[in-house]
There are 2 protein chains.
Amino acid sequence: MSTNQSEKRVTAGMLVVGDEILSGRTKDQNIGTVADFCAEMNIELCEARIVADEIEEIADAINAMRVKYTYIFTTGGIGPTHDDITADAVAHAFGVELNVDDHAIKMMQDRFADYPMNEGRLRMARIPEGGELIANTVSGAPGIHMENVFVMAGVPKIMQGMLNAIAPKLETGIEVFSASCDSQVGESSLSEPLAALQNAYPTVKIGSYPQMGLDKYMTQIVLRSSDEALLAEATQKVRDIIDAATLQKLKI
Amino acid sequence: MSTNQSEKRVTAGMLVVGDEILSGRTKDQNIGTVADFCAEMNIELCEARIVADEIEEIADAINAMRVKYTYIFTTGGIGPTHDDITADAVAHAFGVELNVDDHAIKMMQDRFADYPMNEGRLRMARIPEGGELIANTVSGAPGIHMENVFVMAGVPKIMQGMLNAIAPKLETGIEVFSASCDSQVGESSLSEPLAALQNAYPTVKIGSYPQMGLDKYMTQIVLRSSDEALLAEATQKVRDIIDAATLQKLKI
């Protein structure tokens with residue numbers, strides 16, 4: 001997927017727009033998909049937010065994140081009905097006009113023969129001034145690329161198609177390697193040596209994740225670093241820590 | 001669950017703390033659970049954020065939301081290891097000290113006989129000054145209730161137990177009724193009359209949700225209002241709109 005592997009940090013924020021997620025009606029799947037996509041592209045997803053269908057809330061979140069991260073990915077709120085207001089909010093956030101775009105109409109009509117442009121469909125063709133279109137191979141109506149903000153549909157299948165469409169446009173970050181070690185010892189028995197190890201290897205991010213209801217392991221330690229040799233070294237030390245704690249547990 | 005049904009709006013923000021969600025390693029389940037919990041309690045969940053394991057990021061998100069909403073619910077980052085820093089961030093956000101709390105130790109030891117307090121377990125007993133404990137019937141280590149902020153575990157089963165523990169403490173909002181209508185007509189054919197209906201019924205929130213890959217319906221219209229009579233009236237009008245659009249579609 002990556003076309004221009006760089007040596008620098010590339011970051012992202014995600015914004016999910018949708019009352020239906022906050023009301024519990026719909027369980028979000030898009031954050032997990034975007035998180036996996038970012039990991040694959042070596043883009044560091046730093047933050048995700050879910051906001052209601054309110055123009056000011058959406059615009060505030062876009063403005064808070066677009067100055068902070070390399071990219072913003074939004075999902076939801078670009079359909080044909082009155083509650084689809086993400087395009088309005090993007091125009092508001094950037095302080096530009098929102099007008100019906102002929103290319104967007106063409107894109108929709110190319111997708112479906114006999115596609116009369118009623119009010120709802122025209123609504124989906126409104127693009128903020130300066131915005132580019134993101135192809136939608138599923139249902140025609142485009143996403144929007146506005147500076148560093150990528151506005152995508154909320155329907156997972158359409159969103160995934162749009163992610164594929166924008167991937168070649170994105171800068172990729174420095175490659176991050178990861179390793180994981182499973183432990184049959186609970187986290188609290190590992191915490192002291194792990195904290196010391198984290199201090200000794202500041203460029204290797206060490207995470208500890210308890211697991212319940214699985215026989216496979218009680219704790220999983222995940223290590224991440226862009227330095228493969230340091231990662232291997234720290235991973236071996238995590239294994240030693242787990243071995244020592246396991247031995248200690250058996251003795252008790 | 002509700003103990004003190006009120007006639008006012010009760011709002012909430014949610015904060016998920018965890019690198020593992022942003023890296024894609026773990027798919028969050030807690031937002032959906034908290035959304036359902038809030039719906040049941042008539043608490044309006046207005047926003048959710050996911051941030052990385054960084055004290056400043058966590059504290060900033062808590063401070064941004066705790067002045068804006070009635071309640072903040074956080075999940076994750078209260079375990080025994082160095083990457084569990086939510087308690088530190090809460091203390092930082094409130095500008096108070098973080099000390100080991102004897103009641104927290106007792107709560108953990110009450111849960112498990114023979115529970116030596118190693119460094120990791122002591123870490124889980126650190127409570128920001130002024131904070132109260134939230135019972136953890138699963139694994140002993142408490143959550144934290146600090147003013148309007150409820151700090152809970154990230155492990156779904158533990159978090160759910162903590163939600164049950166805090167439910168009686170929470171004020172519940174005005175009851176919101178909902179109704180839904182399924183349509184075999186796409187959203188864009190409904191958008192114009194639905195927008196007019198939304199204008200005519202400003203206190204009934206009308207949402208339109210497209211569905212893909214299901215035979216059951218193409219669009220689901222969801223209506224929400226605290227006024228049951230108005231809701232019934234608007235719902236009947238949505239049914240009329242769907243019927244007219246369906247008839248129109250069959251004619252074509």
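Below are legends for a few close-ups of this predicted model. Residues count from 1 along each chain as its sequence is written, and chains are lettered from A, ligands numbered from 1, in the order in which they are written. Since the model is predicted, local features need pLDDT of at least 70 and side-chain atom pairs count only at pLDDT 80 or more, while totals for chains, interfaces and linings use all residues.

**View 1. Where chain A meets chain B.** The contact draws 49 residues from chain A and 49 residues from chain B (in contact: C-beta atoms, placed from the backbone, within 7 Å). On the chain A side, β2(A) gives the largest share, seven residues (helices are DSSP runs of H or I, at least four residues; strands are runs of E, at least two; both numbered from the N terminus). That side splits into 20 nonpolar, 14 polar and 15 charged residues (nonpolar: Ala, Val, Leu, Ile, Met, Phe, Trp, Tyr, Cys, Pro; charged: Asp, Glu, Lys, Arg; polar: the others, Gly among them).

View 2. Five bridges tie β2(A) to β2(B), residues 44–51, and the two run antiparallel (strands pair if DSSP finds at least two bridges between them). Look for A:Glu47 opposite B:Val51.

**View 3. A three-strand sheet in chain B.** This open, antiparallel sheet has the order β9-β11-β10. β9 (177–183) and β10 (205–210) are at the edges with a single partner strand each, so one side of each lacks a neighbour in the sheet. Seven bridges link β9(B) to β11(B), residues 219–225, with B:Ala179 partnering B:Leu223.

**View 4. A helix over the strands.** Helix α9(B), residues 228–251, lies across β9 and β11 of chain B, at about 5 degrees to β9(B) (axes are lines fitted to C-alpha atoms, for helices over the stretch in contact; angles run from 0 to 180 degrees between N-to-C directions).

Key:
Contact = placed C-beta atoms within 7 Å.
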